[in-house]
Amino acid sequence: MIIKHLSLTNFRAFKRLELDFPSKLNIFVGKNAQGKTSILEGIHLLSLLTSPIAGNDRQMINLLTLEDDIPVGRLVAVIEKAGKQHSIEVRLIISNGQNGTSRLRKEILIDGGKRKLLESVGYFNSVIFLPQMTRIIEDGPDERRKYLDRTISQAFPGYVRSLSIYNQAISRRNALLKQLLEQGGSRDQLVYWDNLIAENGAVIISIRECAVNSLNEQMYIHHEQLTHNSEKIKLAYQPSLIVSEEDRDPLPLELMHTETTDKEPDQIKEYFLKKLLEIQDEEVRRGVTTIGPHRDDMRFMVNDLDLGIYGSRGQIRTAVMTLKLAEMHWLEKKTGETPVLLLDETLAELDHQRRKDLLSVLEENSQSILTTTDLHLFDKSFIEKSKIWHIQSGKIE
Ligand SMILES: Nc1ncnc2c1ncn2[C@@H]1O[C@H](COP(=O)(O)OP(=O)(O)O)[C@@H](O)[C@H]1O
Ligand SMILES: [Mg+2]
């Protein structure tokens, strides 16, 4: 997968930007707040159709444009996929309703034709590393689930559908549990929601399980390389169906993959339904659904220590980097295309050897786009092979 051209209109600080990517290796150089990260964000938006940074899509529309009657931010890319050229366009449109309200609508066009959002996730594949992604390891399970869901959605459009049905069913079921708690009544209605949750939850769990197992294998290899065999990393999936929050810590990793591994979604669904019945009294008492993919987690271990608890900043950063390389290979395996790798300020906190090793991995990749405030962090030979862009106040040289 290659991006050949990018056009940004009213996106972040850019009123208008046209970029050609003639090279495999691309580096954007500039001081802080010049628009480097925004370019990577824009490219990744074309893959996920949601921003890897903004909490709210509206933030991506140029602030001055917001004063227009109908503010529109627009991204268009020419990409090469399976040897053929395609265009992909994302429009962020704010429509003003009555009494001062407004809402943002997203439109996706592939080769000029409008497409459904859910079906277009992952049409263009990219993997992004942002310095703040150390949160995947440092923060709570929410961040890890978000990471996993976004990663998987690029390879399995059907996953997004199951996830969306599942999440809606969980809120409906929680509302029902609350109602049963407060007003009592028949529990018959639970059967419908339990079925929907178990059915879609089973799909989510089995895909997550496979994805994490593959990521774990690839991560191990990349991590050994980047740390010159000094660190052995393990990534384990912790489905809440098996591992409760209370016993999450003491449970040895070896036991992690036992109960759901190699089970078909049908079998997971049966197990899920059985568990839901077992804990029904407790869930009615608490008024909330306590097991299922919305409570899943993953764990990163280095040399048998939990990285989230004991890891140094450098270790965590390296681990996120190897996770991203693993993600790249996983996507490649699933889609048959090497994703475009987007690396924001990645070299800054790595030591010399790790930088060198990482750069040599990139030289083998199909296309990488990097940003830096300091070109000196790159080897001379790497720079010679790269297209360098100097960026200042949203203007490119
Ligand atoms: N919606 C927006 N409209 C206008 N400017 C924005 C918008 N969002 C962010 N910016 C500005 O874009 C600038 C560049 O951001 P960024 O891409 O993060 O720069 P860099 O990565 O080069 O440090 C910042 O000064 C920020 O204030
Ligand atoms: Mg930046």
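**Helices, sheet and ligand**

In this predicted model, Y159, S162, L163, I165, Y166, A169, I170, R172, R173 and L176 of helix α5 are in contact with L190, W193, L196, I197, N200, G201, V203, I204 and I207 of helix α6. Sorted by class, the residues of this contact are 14 nonpolar, three polar and two charged.

Two packed helices are described by the angle between their axes and the distance between the axes. Helix α5 covers residues 157–183 and helix α6 covers residues 190–226. Their axes lie 9 Å apart, and the helices pack at an angle of about 145 degrees. The crossing of α5 past α6 is left-handed.

Next comes the sheet. Strands of a sheet pair through backbone hydrogen bonds, either parallel or antiparallel. Here six strands form an open sheet with mixed pairing, in the order β8-β12-β13-β3-β14-β15. The edges are taken by β8 (126–129) and β15 (395–396). Each of these has a single partner strand, so one side of each has no neighbour in the sheet.

Across β8 and β12 lies helix α10 (residues 313–335), which runs at about 180 degrees to β8.

Last is the ligand. Around ligand 1 there are 14 residues, and those that come nearest are A13, A33, K36, T37 and S38. By class, the shell around ligand 1 has four nonpolar, eight polar and two charged residues.

Definitions and conventions
Residues numbered from 1 in each chain as written. Chains lettered and ligands numbered in written order. Predicted model: local features only at pLDDT ≥ 70, side-chain atom pairs only at ≥ 80, totals over all residues. Axes fitted to C-alpha atoms, helices over the stretch in contact; angles between N-to-C directions. Helix = DSSP H or I, 4+ residues; strand = E, 2+ residues; numbered from the N terminus. Left-handed = near helix turned anticlockwise from the far one by under 90°. Contact = placed C-beta atoms within 7 Å. Nonpolar A, V, L, I, M, F, W, Y, C, P; charged D, E, K, R; others polar. Pairing = 2+ DSSP bridges. Near = placed C-beta within 6 Å.
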